[in-house]
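Please keep the sequence and the structure in view while reading.

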Amino acid sequence: MPSTAFSSVKLPGTLVEKARQAAQPMRRSVASQIEYWATLGQVVEHTGLSVQEARAAIEQYERGGAAEASPPPSVDALTARLLAAQARGSLAQRVREVVQDNSARVG
């Protein structure tokens with residue numbers, strides 16, 4: 001039988017319903033929400049954080065992000081900023097600085 005990229009699993013109905021509720025505001029499918037949760041769980045396990053530490057870090061991030069939330073600039077505004085930085089030469093200089101900094105960290 002050929003393998004596919006997807007597998008079926010049985011999950012408790014309450015978990016699926018919680019995923020459905022959490023997925024809706026984020027515009028995710030139920031499967032994508034469960035996959036997102038699984039990825040977070042893998043990160044928590046890999047870093048050695050406890051569930052409480054991970055929850056506290058996420059809450060802190062969300063509080064900070066919500067306080068500073070502003071609509072993203074338009075593509076035209078970003079393009080204008082990029083072109084202005086390029087014209088001033090500051091874009092190339094900043095790229096050189098980042099490359100040098102990264103090279104120093106590696107070497």
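## An exposed residue in a loop

R27 counts as exposed because its relative accessibility is 80%, a value that lies over the 50% that the term requires. In the predicted model, R27 is found in the loop between α1 and α2, and although R27 is not a glycine, its phi is positive, at about 60 degrees.

## Fold and burial

Of the 107 residues of the protein chain, 6% count as buried.

## Confidence of the prediction

For the protein chain the mean pLDDT is 78, with 84% of the residues reaching 70 or more. Among the elements, helix α1, which spans residues 13-26, has the highest mean pLDDT, 93, whereas α3 has the lowest, 71.

## The largest pocket

The largest pocket of the model has a volume of about 250 Å³. Its lining is made up of M26, R28, Q33, Y36, W37, L40, I58 and E62, and the elements that contribute two or more residues to this lining are α2 (30-47) and α3 (51-67). The largest share, 4 residues, comes from α2, while α3, which also contributes to the lining, is the element with the lowest mean pLDDT in the protein chain.

By residue class, the lining of the largest pocket divides into 5 nonpolar, 1 polar and 2 charged residues.

## A charge over a ring

Which ring lies under the charged end of R28? The ring is that of Y36, and the charged end of R28 sits over it at 3.9 Å from its centre.

Terms used:
Residues are numbered from 1 along each chain as its sequence is written. This is a predicted model: local features need pLDDT of at least 70, side-chain atom pairs count only at pLDDT 80 or more; totals for chains, interfaces and linings use all residues. Side-chain values use heavy atoms; hydrogens and water are left out. On a 1 Å grid over the protein atoms alone, a cavity is a set of points where a 1.4 Å probe fits but cannot get out, and a pocket is an open set with protein on both sides within 12 Å along at least five of seven lines; lining residues have an atom within 4 Å of a point. Grid points are joined across faces, edges and corners, and a volume is the space filled by probe spheres set on the points. Ala, Val, Leu, Ile, Met, Phe, Trp, Tyr, Cys and Pro count as nonpolar, Asp, Glu, Lys and Arg as charged, and the others, Gly among them, as polar. pLDDT is the predictor's confidence in each residue, from 0 to 100. A charge sits over a ring if NZ of Lys or CZ of Arg is within 6 Å of the ring centre and within 35 degrees of the ring normal. Buried means under 20% relative accessible area, exposed over 50%, partly exposed in between (1.4 Å probe, protein chains only).
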